[in-house]
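Please look over the chains shown here, and then work through the questions that follow.

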Amino acid sequence: MATSTNQEDILVRMHRELKAALEKEPSKRKWVMVIDLRKCVGCHACTIACVAENKLAPGVVYRPVLDLEHGTYPNVSRQFIPRPCMQCENPPCVPVCPVHATYINGEGIVEINYEQCIGCRACIVACPYGARTSDFGYTYTQDTPHQTEFIVGQEKADDYERAPSFEYGKTWERSSHHQSPIGNARKCHFCLHRLEKGELPACVTTCIGRATLFGDALDPHSVVAQLISQPNAMRLKEDMGTEPKVYYLI
Amino acid sequence: MLKKVIYLISALAFAFGLWGFYIRLFIGEKDVNYGSYVVWGLWVAMYLFFAGAAAGSYMIASLEYLFQIPLFKGTGKPALWCALICMPAALTTIAMDLGHWERVWKVYLSPNFLSLLAQMVWGYTLFILIILASFYVILKQPNAWYLKPLFAVGLFLAIFLSGGVGALLGVNASRAYWHIGLLPAQFPFFSLATGLALSMLVMGWFAPPDENRPRLLLSLGYLTIILLLIKTYFLWSDYSQSLYSGIPQNVAAVEEVMFGQYWWAFWIIQIGLGTLIPFIVLIIPQWAKNGIVSGWMGLFVLLGFAAARANIVFPALTIEELGGLAKAFSGPHLSFEYFPSLLEWSIIAGVSGGAALVILFGLERWFFNLPKEVQQ
């Protein structure tokens, strides 16, 4: 069965809308993520893409996918709920920080200043979505064998882990246990460093079912603006008044 | 003999703690069992305990120097000394819990005063200065006119900081178990009870027996009983409300305390050792007047309050914020189950042992072993 070749791929459309949004002043755009739960197949590609993009250490996760089972046999179903940071408009994590290390930036994204953070984890406690994790300084290759005549060894294998990440547009090395982001709270930031370069967040581009959508909610013609006005759009724990900027289509 | 045993146990605990300090400061935080889900563990619980002991000890000292109650004459200086040592013990414990403890100075230079944590840091700093000033005044200028105003400010701070510690947990709407107005209200009572228990231990075991001591110990014992009853009332109202409300997060946390992995800490240490036994013993005047018995009861109440602090902190954090989170991703420190690691116990042993050694040394050297005319 032939499909229309004129129909623009949603990813291409979001990319085009992203470029247009970046032309505007930061305060005149509102980044929103929409996750279509009907399309999510629980492949965890977004989780892995996020880990790779942000060089996340063991125990640090920005976008796990919750795997829920409903019903009892024979009427059983599964539901997959990707859970990034909700980028709340009223984020409970911000007022509890004793040193202003976490804050809402000019375009509404909750950022962490790693060099300011003292690692008290009050923000992790305050988050009602469990969206923050603490970096305890692990590497995936630790405790693996060192080089022998048969294997390349830990030194070569952990090249990837020693490569810096580029969160918040800076270069973050992992060379000592005192160096940020080790010891800090960490979380999803909608791939700010990619947005600045005109690229969509890694989880969006990697989603095999186009279930994760992203864009500027203040552009009335954007895909996200159209979707979040639908009656089937909901947000997690809306009763808490946090005003998340991540919407789920159910 | 008792003193020697306590010195020995404290020294051993301190030595064990040195290993923990080395690991924590030079290797890192990997060997702890708290993590990204059970975010605060034993160190935070014990920080609450030591801070409460400091505030409570100051409250006891104010009975002598602010309210000038004759019965409590002689308890002020030792209590103030305990406050002075417990405060650094609390701050050391919480500093170990920080991912970047070397950046604490940022709380002074760029504080967010909306944050309870920042308020606490500034409050504690002021409180330590007030304790030091109080010490100086009672030693050097005991008849100065500003003694009472100084203690009034100190007492206000002790109450505010105790309540603030409760608010530090209570403001988190994300944790239904903590998010009740009652929580900050309870903490000043907990602090006073902890201070009383510490005073009972100090006066019972280390104060030279004189004609006033049995009456003092009896009063401390009765006050402790009253506060234990208040504590039990708070516990009952807290738990019964949580269970009646049926809010899943609340019910799960209370059930975790009573029947979960921490059941023994609740039933055996907090209720049995820390509440029932002291209640039964201290209500009998002959026993309450006995220094050795009184000291033991003080120790039991202290252990009970330490367990109570832990039972406030851990269980609320062992409940998933979102269903399915526990199994969504695996990795180190991503668990909703928690029992303190050897490193965590080591630091607590070191801080407790060190604090006990300094308190004992000070009591012996400056407060209890001097000839009477020098003390006066």
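Q: In this predicted model, how are helix 3 of chain B and helix 5 of chain B oriented to each other?
A: Helices are DSSP runs (H or I, at least four residues), numbered from the N terminus, and the two in question span residues 76–97 and residues 116–140 of chain B. They pack at an angle of about 155 degrees, with their axes 10 Å apart, where axes are lines fitted to C-alpha atoms over the stretch in contact and angles run from 0 to 180 degrees between N-to-C directions. Because angles over 145 degrees count as roughly antiparallel, helix 3 of chain B and helix 5 of chain B are roughly antiparallel.

Q: How do the residues of the contact of helix 3 of chain B with helix 5 of chain B divide?
A: Residues are in contact if their C-beta atoms, placed from the backbone, lie within 7 Å, and among those meeting here are Leu80(B) and Leu84(B) in helix 3 of chain B and Phe127(B) and Ile131(B) in helix 5 of chain B. Ala, Val, Leu, Ile, Met, Phe, Trp, Tyr, Cys and Pro count as nonpolar, Asp, Glu, Lys and Arg as charged, and the others, Gly among them, as polar. The residues of this contact divide into 11 nonpolar, 2 polar and 1 charged.

Q: How many residues of chain B are in contact with chain A?
A: Chains are lettered from A and ligands numbered from 1 in the order written, with residues numbered from 1 along each chain's sequence. Local features need pLDDT of at least 70 and side-chain atom pairs count only at pLDDT 80 or more, while totals for chains, interfaces and linings use all residues. On the side of chain A there are 40 residues, and these are in contact with residues of chain B numbering 39.

Key: Angles under 35 degrees count as roughly parallel, over 145 as roughly antiparallel, 65 to 115 as roughly perpendicular and the rest as oblique. Two residues are in contact if their C-beta atoms, placed from the backbone, lie within 7 Å.
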